[in-house]
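I opened a notebook for this structure. My entries below record what I looked up, one topic at a time.

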Amino acid sequence: MTAPKLALATTPVAQAPVDAIVVGTVQNGSGAALAAGAEAVDEAFEGNLAEVLAALGATGKADEVVKVPTLGKLKARLVVAAGLGKQAEDGSITPEQVRRASGAAARALGSSKHVVNTLSTVDLQAAVEGTVLGAYAFSTYKSDAAGAELAKVDLAAPAEGSTKEHRATLKAATAIAEAVTTARDLVNTPPNDLYPASFAERATALAKEAGLEVEVLDEKALRKAGFGGILGVGGGSARQPRLVRITYKGAKARKRVALVGKGITFDTGGISIKPAPNMEVMSSDMGGAAAVIAAVVLAAKLKYPLHVTATVPMAENMPSGDAYRPGDVLTMYGGKTVEVLNTDAEGRLILSDAIVRAAEDAPDYLIETSTLTGAQPIALGNRTAGVMGSDEFRDRVAEIARATGEGGWAMPLPEELRADLDSRLADLANVTGHRWGGMLAAGIFLREFVPAGLPWAHIDIAGPSYNVGGPYGYTHKGGTGVPVRTIAAVLADIAENG
């Protein structure tokens with residue numbers, strides 16, 4: 001996709017010769033009230049805009065979009081009222097409300113040439129992010145997609161702050177949103193075009209464009225180094241696995257951060273094959289890899305004073321005469337052995353190799369994200385990631401995830417589940433013998449490969465990384481780009497606070 005061109009508005013809203021002006025509405029007991037930023041538009045309607053919207057059925061609820069022809073009252077052709085939902089008791093509106101309303105408006109104005117958004121007066125960063133993400137469209141494989149994208153959006157500047165500060169916010173927020181769209185593009189690319197080798201090539205191109213160091217290990221290099229988990233999972237496919245490492249070295253780096261993301265470009269389940277219905281969604285099983293690749297490139301664009309390395313294992317999990325089997329014992333990178341009881345629990349195997357390799361860099365923090373378990377959406381739904389890891393850092397990441405609007409909930413790693421991963425043959429098995437606490441057991445498995453004392457967090461995004469339903473807010477059907485914004489915010493927090 002081509003993101004809309006964003007700029008701070010230089011013309012007064014009421015005088016802007018544009019296709020549409022976006023205003024916010026707030027839900028209250030009597031209908032829709034106007035949010036801040038709509039004053040000039042309301043004045044053009046002689047103070048009756050709220051009444052006009054009420055007559056059209058507007059309530060101000062989240063994701064609601066109501067269009068009003070201006071009939072010459074403004075130079076703009078339309079006023080687009082985007083619902084923010086209910087205000088807090090103190091009258092405040094959250095950034096996520098602004099983000100969702102801006103996204104809903106951008107989706108509704110997909111083919112417009114020029115729009116002004118007044119929601120930016122409430123929260124500029126959220127309005128920028130919501131606009132870019134709401135305007136997103138993956139049309140690479142469409143033959144009739146020309147001209148279907150929002151072209152230009154002017155954002156009314158908040159009353160507080162300087163123009164310089166507003167421009168800096170606009171630049172940073174645009175970079176963050178575009179990083180999310182990069183992840184979305186990767187997730188939405190079909191598996192016949194995105195497989196380990198081509199994924200590695202695309203990651204390399206993104207990294208080199210940002211001036212970053214890249215290392216790619218092919219199957220021969222993986223075998224020589226002893227990456228048994230990646231080789232075991234990827235051995236059943238004619239498209240052999242890869243391990244990609246992308247490094248950003250920020251000026252005056254205060255901390256080292258390791259990022260690890262699961263890159264299963266398609267997951268059939270292997271010999272433990274999945275049911276056929278909805279298997280096409282398994283092309284999104286590399287959502288974690290897409291997120292960390294986008295995040296390390298974003299860290300370079302935003303010049304975080306950090307040393308960040310993304311370690312990304314890539315494999316295709318296929319059944320064949322060369323596929324690994326239930327009952328096999330794999331020797332992982334670093335020497336631990338794992339008995340494979342289920343080849344559909346493959347993500348933890350490639351991640352374990354990557355975690356051990358990432359830890360060799362002696363990072364101060366390790367963040368791993370993956371579409372790891374079907375148990376995650378069963379426990380938390382499709383929009384809330386499960387966050388596990390060392391207690392303090394886990395809680396920090398979960399709190400930041402909620403603040404970004406991506407959502408995350410801290411989950412425990414109960415010690416009693418560790419015994420259920422004991423193996424009669426190897427150091428541990430890749431699954432338990434029961435269905436209880438599947439998300440937590442996967443986190444406990446990964447913990448076996450994290451060095452003692454290293455603050456780490458595992459973000460299970462099995463549900464949140466891919467939207468199988470209809471669009472809402474700034475989220476479209478398909479890849480969501482979660483948790484790019486969470487990782488970016490955690491990196492910014494580490495840069496500032498250590």
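**Entry 1: the model and its domains**

I noted at the outset that this is a predicted model. I then looked up how the chain is divided. Domain 1 covers 5-156, and domain 2 covers 181-497. How far apart are the centres of domain 1 and domain 2? I found 36 Å between them, taken over C-alpha atoms. I also checked where the two domains touch. On the domain 1 side 16 residues are in contact, and they meet 16 residues of domain 2.

**Entry 2: strands that pair with S7**

I turned to strand S7, residues 152-155. Strand S1, residues 5-8, pairs with S7 over four bridges, and the sense is parallel. Which residue of S7 is the bridge partner of Asn117? I found Leu155.

**Entry 3: a three-stranded sheet**

Next I looked up an open sheet of three strands. Its order is S13-S14-S18, and its pairing is mixed. The edge strands are S13 (329-331) and S18 (428-429), each pairing on one side only. I followed S14, residues 337-339, to S18: two bridges join them, and the two strands run parallel. In one of the pairings, Val338 has Leu428 of S18 as its bridge partner.

**Entry 4: H3 against H4**

I moved on to helix pairs. For such pairs, the description rests on the angle between the axes and the distance between them. I began with H3 (residues 95-108) and H4 (residues 124-134). Their axes come within 7 Å and cross at roughly 35 degrees. The crossing of H3 and H4 is right-handed. I listed the residues that meet. H3 brings Pro95, Val98, Arg99, Ser102, Gly103, Ala106 and Arg107, while H4 brings Ala126, Ala127, Glu129, Gly130, Thr131 and Gly134. I sorted this contact by class and got five nonpolar, five polar and three charged residues.

**Entry 5: H5 against H9**

I then took H5 (residues 163-188) and H9 (residues 287-301). The axes come within 9 Å, with a crossing angle of roughly 150 degrees. H5 and H9 are therefore roughly antiparallel to each other. The crossing of these two helices is right-handed. Which residues of H5 and H9 meet? On H5 I wrote down Ala175, Ile176, Ala179, Thr182, Ala183, Leu186 and Val187. On H9 I wrote down Gly287, Ala290, Ala291, Ala294 and Leu298. By class, the contact of H5 with H9 has ten nonpolar residues, two polar ones and no charged ones.

**Entry 6: H9 against H14**

I stayed with H9 and looked at H14, residues 484-497. Their axes come within 9 Å and cross at roughly 40 degrees. That angle makes H9 oblique to H14. The crossing is right-handed. From H9 the contact takes in Ala291, Val292, Ala294, Ala295, Leu298 and Ala299. From H14 it takes in Val484, Ile487, Ala488 and Leu491. How many residues of the contact of H9 with H14 are nonpolar, and how many polar or charged? I counted ten nonpolar, no polar and no charged.

**Entry 7: two backbone details**

Last, I checked the backbone. As a rule, residues other than glycine mostly have a negative phi, and most peptide bonds are trans. I looked for departures from that rule. Lys303 is not a glycine, yet its phi is positive, at about 55 degrees. Where does Lys303 lie? I placed Lys303 in the loop between H9 and strand S12 (306-317). My other find was a cis peptide bond joining Val482 and Pro483, with omega at about 5 degrees. Pro483 lies in the loop between strand S21 (478-479) and H14.

Key
Residues numbered from 1 in each chain as written. Predicted model: local features only at pLDDT ≥ 70, side-chain atom pairs only at ≥ 80, totals over all residues. Heavy atoms only, no water. Axes fitted to C-alpha atoms, helices over the stretch in contact; angles between N-to-C directions. Parallel < 35°, antiparallel > 145°, perpendicular 65-115°, else oblique. Left-handed = near helix turned anticlockwise from the far one by under 90°. Contact = heavy atoms within 4.5 Å. Nonpolar A, V, L, I, M, F, W, Y, C, P; charged D, E, K, R; others polar. Pairing = 2+ DSSP bridges. Domains from an automatic or database assignment.
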